Amino acid sequence: MVKQNHMKTANDNAPSSETVKQHGTNFALSPSNHVSKRAVQDNHPSSIPDLITNDELQEDQGLTTSLKLTLGCWLAALLLAIGTFSLNASTGPKVFASLSLLWTGMWASYVSADYGKWRVSELSVVTAMCGLLGTVIVSAAYFNVGLTITDGLILMSIIPLFVGFILKSRICVLASICASLIWGALNFSGVTEQSDIMFLFPAIWAAQIFIGTKIRSGMVITLAVLTAYYWAANIIFTHWSVGNLPLTFGTAAVFICGLAHHRAGKAAEDNLITGSSVHIYAGWLAAVIGAIGFQYFWLVPDAIATETASLSSNGLLIWKAIVSFALATVFCSAIIRYKFTQISLAGIFLLTAASALIPLMLWIPSWPQNLTAAIPGLSVVPTMGILIGSAIIASALGMMLNGVRRHAPVMIGMGLVMLFAEAALLYKPDLMTLDNAIIFTAGTLISLAIGAAIAGSSLAHQAPAPRLKHS
């Protein structure tokens with residue numbers, strides 16, 4: 001008679017025998033007492049075979065040895081680099097030490113990240129960038145390539161982005177942002193001369209935002225956005241101070257670019273892209289600040305008369321290109337939002353047309369005069385300024401309503417701040433007339449109606465607050 005050998009096999013759908021004994025004979029018959037394999041393993045770790053446990057322990061021991069070897073090589077390269085530069089060694093040892101620090105730093109960052117040692121990983125990336133910078137400086141000195149401060153900052157703005165993208169390192173992108181900020185500060189303060197290479201910054205900023213979104217870092221996205229607006233504000237101020245850009249054109253550009261940024265952030269929120277709230281808030285604030293600055297010239301009669309700056313033909317072409325690109329962004333983002341039923345079909349065209357009104361006052365200067373001339377007793381100043389103010393107040397009310405709907409105190413606070421700012425600008429004795437009150441009331445109602453038409457049926461939805469990260 002053959003002796004039967006019973007082998008125990010793993011069944012993913014059946015609980016262990018010990019679990020069945022503990023829960024009684026009715027365990028398998030009661031649906032409410034069903035326990036998944038993961039729950040059984042978590043509650044009864046002793047049911048895992050000893051063979052698997054021993055293999056895991058041996059594997060962990062091997063990984064620990066690998067990690068120690070990696071960190072040892074990295075520290076040795078770091079000490080070698082410090083020694084060669086401290087003792088002022090020749091070019092060969094400096095280049096060798098810098099390259100060794102570069103590659104061991106990247107290797108240590110990868111292994112440490114794989115092990116979950118994120119602080120060590122980020123520190124390794126910092127040393128890798130130091131090795132890269134040391135290699136570039138020593139090589140430039142050897143080949144008699146004169147590197148200026150601006151050249152070094154440009155390199156530090158670009159090169160860490162590649163390392164940060166490969167290693168998914170936040171500190172690399174932060175180093176790029178810091179270099180971009182210092183680069184701008186030195187240029188705008190007059191310490192270094194401005195050059196045409198500054199036009200690389202929009203591409204650098206776009207790369208910083210892209211990588212920050214990929215690695216899901218709110219700090220990177222926020223600092224990149226703030227750096228971009230710092231650059232934009234200083235470029236406008238610099239060109240205005242030398243008489244190459246009227247503030248009317250500058251504030252109009254800030255308005256339309258901020259609005260395009262805001263609408264792009266709304267589209268990113270619908271697609272659950274990380275950092276959408278940063279773009280929504282920053283874009284709206286920039287748009288409203290630009291609109292208030294533009295409104296000032298249409299409220300004070302002497303404001304435009306005292307403006308001495310002029311725009312060249314090439315500058316006008318650049319300004320029109322910026323406005324056209326921003327309007328295209330507004331239109332495309334509205335189409336994306338229409339896909340998620342966050343805007344009506346008519347709202348796409350209403351939004352684009354409303355966004356173009358302020359730039360068109362400079363693009364086609366005759367239409368404000370034609371509008372006010374159609375109504376007897378009105379003048380362009382301050383009628384257009386009051387209409388712009390009513391649109392800003394309607395936008396602030398819409399932001400507050402959206403904040404209440406989303407339970408977002410930040411949105412409510414931004415709307416309140418802009419309401420107070422607009423009240424301080426409009427509450428003047430010379431503006432407190434019956435005609436201006438009628439114009440303001442009509443403009444506010446029309447702006448609210450246009451906003452409701454743009455939103456469409458999305459106003460009936462209980463929308464969530466914008467989140468920095470989406471799962």
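This is a predicted model: local features need pLDDT of at least 70, side-chain atom pairs count only at pLDDT 80 or more; totals for chains, interfaces and linings use all residues.
Biologist: What makes the pairing of R406 and E269 a salt bridge?

Modeller: The N to O distance between the two side chains is 2.5 Å, and the cut-off asks for a side-chain nitrogen of Lys or Arg within 4 Å of a carboxyl oxygen of Asp or Glu, so the pair R406 and E269 counts as a salt bridge. It links distant parts of the chain, with R406 in helix α17 and E269 in helix α10, 137 residues apart.

Biologist: Why is R406 called buried, and why is E269 called buried?

Modeller: Buried means under 20% relative accessible area; R406 has 5% relative accessibility and therefore counts as buried, and E269, at 9%, counts as buried too.

Biologist: How many salt bridges does a search of the whole structure find, and what makes D270 and R337 one of them?

Modeller: The search finds two. In the pair of D270 and R337 the closest N and O atoms are 2.7 Å apart, and because the limit is 4 Å, this pair qualifies as a salt bridge. D270 lies in helix α10 and R337 in helix α13, 67 residues apart, so this pair also links distant parts of the chain. D270 is buried because its relative accessible area of 15% falls under the 20% limit, and R337, at 5% relative accessibility, counts as buried as well.

Biologist: What makes the lining of the largest cavity nonpolar by class?

Modeller: The lining consists of M129, L132, L133, V136, L155, M156, I159 and P160, and because Met, Leu, Val, Ile and Pro count as nonpolar, the tally by class is eight nonpolar, no polar and no charged residues. Helices α5 (118-142) and α6 (149-167) each supply at least two residues of this lining. The cavity has a volume of about 50 Å³, and a search of the whole structure finds one cavity of 30 Å³ or more.

Biologist: How do you know that F294 belongs to the largest nonpolar core, and which residues does F294 touch?

Modeller: The largest nonpolar core has 51 residues, and F294 is among those with the most contacts inside it, together with F255, W298, W319, I358 and I388. Since membership requires a buried residue, and buried means under 20% relative accessible area, F294 must fall under that limit. Not counting residues up to four places away in sequence, F294 touches T248, T251, A252, I358, M361, L362 and I388. A second, separate core of 22 residues includes L153, I209, I211 and V278.

Key
Residues are numbered from 1 along each chain as its sequence is written. Side-chain values use heavy atoms; hydrogens and water are left out. On a 1 Å grid over the protein atoms alone, a cavity is a set of points where a 1.4 Å probe fits but cannot get out, and a pocket is an open set with protein on both sides within 12 Å along at least five of seven lines; lining residues have an atom within 4 Å of a point. Grid points are joined across faces, edges and corners, and a volume is the space filled by probe spheres set on the points. Helices (H or I, at least four residues) and strands (E, at least two) are DSSP runs, numbered from the N terminus. A nonpolar core is a set of buried Ala, Val, Leu, Ile, Met, Phe, Trp, Tyr and Cys residues joined through side-chain atoms within 4.5 Å. Buried means under 20% relative accessible area, exposed over 50%, partly exposed in between (1.4 Å probe, protein chains only). Contact means heavy atoms within 4.5 Å.
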